[in-house]
Amino acid sequence: MKKFTFSLAIVMIILVLSACGAKKYEPQAINEATDKCAVCNMQVKDDQFATQTVLKDGKSLKFDDIGCYNEWKKKNGTEQVGATFVRDYHSKEWIELEKAYYVYDKSLKSPMAYGIYSFKDKTTAEKFITDNGKGKLMTGSELGSHTWERNSDKMKHTKDSHNPGDEGKQGMKDMKDGHSGGEAKKEEPKVAN
């Protein structure tokens with residue numbers, strides 16, 4: 001019996017030490033004054049569309065739309081990703097991407113027109129679909145097989161989202177032209193005759 005107890009104690013110590021060594025990744029607060037999307041370079045609002053990836057080195061990448069995160073992931077892979085977080089559509093609470101439920105409909109407005117809303121639980125997502133009479137329910141794992149089509153008619157550009165003015169139009173043009181970030185092109189000033 002002593003041998004069994006000793007063996008059990010060793011196993012417990014190993015498990016505790018293993019758990020202590022596991023790195024915990026946490027999302028950072030959104031700073032609307034300085035945070036720009038890592039893909040489209042648009043302002044990241046502190047809203048229900050914000051998405052965030054924390055890399056294994058601790059660096060945080062922020063996105064204004066989950067579709068921009070998907071673009072980044074296609075280009076960079078997930079080897080250096082520690083965790084990715086999305087926001088609950090109603091509460092704006094951060095949720096791990098894999099644990100959230102998603103509703104997609106091409107008519108749903110989102111910053112970069114991917115039409116995907118995230119929810120902390122299946123019941124809330126299903127209620128959203130029922131209340132709105134539209135939407136396809138998806139899990140985090142089902143996002144990998146999603147088509148990621150954008151509906152440019154549903155770009156969420158209002159005076160309170162992104163940067164006011166033509167910057168949003170330029171961001172959309174850059175995305176259509178195949179540019180995935182960087183500074184918006186500056187136009188030469190027009191000189192009156």
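Predicted model: local features only at pLDDT ≥ 70, side-chain atom pairs only at ≥ 80, totals over all residues.
Student: What makes up the secondary structure of the protein?

Tutor: Four helices and seven strands. Read from the N terminus, their order is α-β-β-α-β-β-β-β-α-β-α. Of the 193 residues, 39% count as buried.

Student: Why is T53 called buried?

Tutor: Buried means under 20% relative accessible area. T53 has 0% relative accessibility, so T53 counts as buried. You can find T53 in strand β1, which covers residues 51–55.

Student: Which residues does T53 touch, leaving aside its neighbours within four places in sequence?

Tutor: Among them are L61, F63, W72, V81 and T84.

Student: What makes the link between the side chains of T53 and T84 a polar contact?

Tutor: A polar contact needs a pair of N or O atoms within 3.5 Å, one able to donate a hydrogen and the other to accept it. The side chains of T53 and T84 make such a contact at 3.1 Å.

Student: Which strands form the open sheet with β1, and in what order?

Tutor: The sheet has four strands in the order β2-β1-β3-β4, with antiparallel pairing. From one strand to the next, the twist averages 25°.

Student: Why are β2 and β4 called edge strands?

Tutor: Strand β2 (60–63) and strand β4 (94–96) each pair on one side only, and they are the edge strands.

Student: How do you know that β3 and β4 pair?

Tutor: Two strands pair if there are at least two bridges between them. Strand β3 (residues 81–87) and β4 are joined by three bridges, and they run antiparallel. Across from F85 you will find E96 in β4.

Student: Which helix packs on the sheet?

Tutor: That is helix α2 (residues 66–76), which touches β1, β2 and β3. The direction of helix α2 makes about 35° with that of β1.

Student: How many aromatic pairs does the structure hold?

Tutor: There are eleven aromatic pairs.

Student: Why is the pair of F63 and W72 called tilted?

Tutor: Ring centres must lie within 6.5 Å for a pair; planes under 30 degrees apart count as stacked, over 60 as edge-to-face and the rest as tilted. The centres of F63 and W72 are 6.2 Å apart and their planes are at 55°, so this pair is tilted. Both residues are also buried: F63 has a relative accessible area of 0%, and W72 has 13%.

Student: What makes the pair of Y89 and F128 edge-to-face?

Tutor: Planes over 60 degrees apart count as edge-to-face. For Y89 and F128, the angle between the planes is 70° and the centres are 5.5 Å apart, which makes the pair edge-to-face. This pair links distant parts of the chain: Y89 is in the loop between β3 and β4, while F128 is in helix α3 (residues 122–132), 39 residues apart. F128 is buried, with a relative accessible area of 8%.

Conventions: Residues numbered from 1 in each chain as written. Heavy atoms only, no water. Helix = DSSP H or I, 4+ residues; strand = E, 2+ residues; numbered from the N terminus. Buried < 20%, exposed > 50% of the residue type's maximum accessible area, 1.4 Å probe, protein only. Contact = heavy atoms within 4.5 Å. Axes fitted to C-alpha atoms, helices over the stretch in contact; angles between N-to-C directions. Phe/Tyr/Trp six-rings, centres within 6.5 Å; stacked < 30°, edge-to-face > 60°.
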